[in-house]
Amino acid sequence: MKRTRCLVLLVMGLGLSQASSARLNVFACEPEWASLAKALGGELIAATSATTARQDPHRIEARPSLIAKVRRADLLVCNGAELEIGWLPMLQRQAGNRKVLPGQAGYFEAAEQVERLGIPEKVDRSMGDVHASGNPHVHLDPRRVLKIASALSERLMSLDPSNTGHYRSRLDDFTHHWQQALERWQRIAEPLKGARVVVYHQDWDYLFDWLQIVKAGSLEPKPGLPATAGHLAKLRQSLMEEPASAIVYTRYQNPKAAQRLSQLTGIAALELPYTVGGGEGVTDLFSLFDETLKRLLQVVP
Amino acid sequence: MYFRISIATALSLVLGSATAVAAKGEGFNPAISLILDGRFNAYDNETDYELPGFMLGGEAGRGEEGFHLGHNELVISANVDDLFYGKMTAVVADHEGETEVELEEAFIETLALGSGLTVKGGRFFSAIGYLNQQHPHSWDFADAPLIYRGLFGDQLRDDGLQVSWVAATETYLKLGGEITRGERFPAGGASRGGKGAGSLFVKIGGDIGASQAWQIGFSHWQADIEDRTSAGHHHDSGAAEVPAYSGDSRISGIDFVWKWAPDGNAGERSLKLQAEYFIRDEAGRVIMDDGSDTPESTTYDGEQKGWYLQTVYQFIPRWRVGLRYDRLDSDNRGSDGAVLSEAGLDNEGHTPERVTLMGDYAHSEYSRLRLQYAKDDSYEEADNILTLQYIMSLGSHGAHRF
């Protein structure tokens, strides 16, 4: 009897402590979306990212700590377009949190909000890591980020309607600053137009689409497969015929293949931040684009 | 990284359904995948396999010699609707020249009860232990640890109901229980009106910084057993006798897994350490069923236990090496030592041991080739076992458990 009462008190205590923290608990799958959620929610949300800039968002394990986080989340903000298909569905199945299941208000997919590039006509695994719903790496096009921001803000308002005014003013603020930044970025990125750049993986397609950079090859022989010596030799051959300005890769990718090709061809190997936390001073989406452009402009004449 | 491929379309046509159309353009419904597993085994010993002190059942054994197929599975799964998820795994295997289809798993699971609650019903792998819930194709070695072989006949699965709850805490905490039919090995007889077995489990886990993740589990299983048959001690003379056990059985276990990858990025290098310990207590009666009206029998009070420790290191992308050590022990007593011995319960003063070395290469996430060597001291005469294995997966392949 006494024990039952203790249990009841404990459960009530847990319930109360949850009620007192009125902030929306946001579980972002990637740092860029955690950053966007923070920008749009401010002090009304608590956002954590499941991954860091040093981790490959394709290859994450459905770890116990992540299940525990999804269990407590009010909103999942994920990339979607199958980027997290190797781990997110397992987290959702195991966490027993109905608020954040696909189709619910607590599940937001960024890529779903915008038009995607590279939707294949047919998908076959012999083609490597190809996503049927197109290239998922949408966050490196700032025009698309703006659309996603507005959709995410609406989602926050629908989940927390009593603070609609707060979210609206933060979105207006974000949009205003983003548009200013976008003009600036487009202005300074002018010299990048038509530049040829070799990539590691297809994560830069949206950035290149926006800046009109030409993809001069990929270190991966097929998406998701590691670089091989034979493939590097072929790349070198084609780069001899038509040179490129840079070989770009990011933190979660092994720099060796890029450095090797750089030695073979004399083309600069360049680490780009890719996401928030991916470089010195890259603390939000604004500095992500600032730094990316800065580094590209250093090697592109 | 995962994507839906044309094989799924082909399969769905074979299955005569048009359900494999892209739902929301995000994948086929249902998800269909096929696991292909083939092996080549070489042994030194010609004698039949046994594990002294343990009554073997289920799929326990060292497998066939030479070329043979392993676990070839067809898996179909999908969200049934907004509340239920369903999955079926069918294993297609040859047994003595005939192709048999076995329902390995067929269950439904709730998705949207909320509050951390999930209910699962049907045939499923029990959540006890760490390895038990994982499909053999995601094991790091070609075969089960000896303690799984000895206690569970490789893996514990049954028909029944499972309820689990994940706490809303910072540290992962999951509590659960199962009540099941109790007909399959290591239970038997489907006692208590077809709900003769049950289990309880707790799992706790978390991260240490960005590079390390861990999980500890505690589990308990028990059953009322009526006439559980198993392979006895092999001897050349005499009529075939099948030992049958009736009584109660309790298994308790603890499992631990720790994974490391630099900055949590397992693409280049990663290390996994895993260990499990189980102990079983049984008290009842063993009858040697020889078809006669007056079979020999003995009382039986037994304790069998064992553990394994394994580590797998991915030193460069695609390549991994692994080392596993297994050890078992038993202490079985009864009124008639000769009968106990015939039932395979006399450990003959032997403590089974095994050391296994593994190396594998995964060309992509969907294909793996493995070479494994084991020095197997399961019984008196040590055996050298060499295994070559391929495991490939076609179709939409779902996420793996931690």
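**Two chains, one predicted model**

Buried residues make up 56% of the 301 residues in chain A. Keep in mind that this is a predicted model. I'll start with chain A, then turn to chain B.

First, the overall build. Chain A has 10 helices and 8 strands. Its C-alpha atoms fill a box of roughly 80 × 40 × 35 Å along the principal axes. A compact globule of 301 residues would come out near 19 Å, and chain A has 21 Å, which agrees.

Next, contacts. Take pairs in chain A that are at least 6 apart in sequence. Of those contacts, 64% join residues at least 24 apart.

Now the surface. Chain A has an accessible surface of about 12,900 Å², and 52% of that belongs to carbon and sulfur atoms. On charge, chain A carries 36 positive and 32 negative charges, and their mean positions are 8 Å apart.

Let's zoom in on one helix. H6 of chain A covers residues 164–188.

Which residues of H6(A) are buried? Here they are: A:His166, A:Tyr167, A:Leu171, A:Phe174, A:Trp178, A:Ala181, A:Leu182 and A:Trp185. Look at the spacing as you read along. An α-helix has 3.6 residues a turn, so residues three or four places apart point the same way.

And what do those buried residues pack against? The partners in chain A include two strands, S1 (24–28) and S2 (45–49). Helices H2 (31–41), H5 (142–159), H7 (205–211) and H10 (285–299) are partners as well.

Staying in chain A, find A:Trp204. This tryptophan sits in the loop between strand S5 (196–199) and H7. Is A:Trp204 buried or exposed? Its relative accessibility is 0%, so A:Trp204 counts as buried. Set aside its neighbours within four places in sequence. A:Trp204 then touches A:Leu140, A:Val199, A:Val248, A:Tyr249, A:Thr250, A:Leu272 and A:Tyr274. Here is one distance to check on screen. A:Trp204 and A:Asp141 are 63 residues apart in sequence, and their C-alpha atoms are 9.1 Å apart.

Now try A:Thr265. This threonine belongs to helix H9 (residues 255–265). Beyond its neighbours within four places, A:Thr265 is in contact with A:Arg236, A:Leu239 and A:Ile247. A:Pro136 is another matter: 129 residues separate it from A:Thr265 in sequence, and 30 Å in space, C-alpha to C-alpha.

One backbone detail before we leave chain A. A:Glu82 has a phi near 70 degrees, a positive value in a residue other than glycine. Where does A:Glu82 lie? In the loop between strand S3 (75–78) and helix H4 (88–95). A:Glu82 is buried, at 6% relative accessible area.

On to chain B. The count there is 4 helices and 17 strands. The box for its C-alpha atoms is roughly 65 × 45 × 45 Å along the principal axes. For 402 residues, a compact globule would have a radius of gyration near 21 Å; chain B has 22 Å, which agrees. Buried residues are 50% of those 402.

Chain B exposes about 16,800 Å², with 58% supplied by carbon and sulfur atoms. For charge, count 33 positive and 62 negative side chains in chain B, with the centres of the two sets 8 Å apart.

B:Asp154 is not a glycine, yet its phi is positive, about 85 degrees. You'll find B:Asp154 in the loop between helix H2 (146–152) and strand S7 (157–166) of chain B. B:Asp154 is buried, with a relative accessible area of 15%.

Last stop, a peptide bond. The bond from B:Phe185 to B:Pro186 is cis, with omega near 10 degrees. B:Pro186 lies in the loop between strand S8 (172–180) and helix H3 (191–194) of chain B.

Conventions
Residues are numbered from 1 along each chain as its sequence is written. Chains are lettered from A and ligands numbered from 1 in the order in which they are written. Side-chain values use heavy atoms; hydrogens and water are left out. The radius of gyration is taken over C-alpha atoms; the globule rule is 2.2 Å times the number of residues to the power 0.38. Buried means under 20% relative accessible area, exposed over 50%, partly exposed in between (1.4 Å probe, protein chains only). Accessible areas come from the Shrake-Rupley method with a 1.4 Å probe; for residues, only the protein chains shown count as cover. Lys and Arg count as positive and Asp and Glu as negative; His and the chain ends are not counted. The place of a charge is taken as NZ of Lys, CZ of Arg, CG of Asp or CD of Glu. The expected span of a helix is 1.5 Å times one less than its number of residues. Contact means heavy atoms within 4.5 Å.
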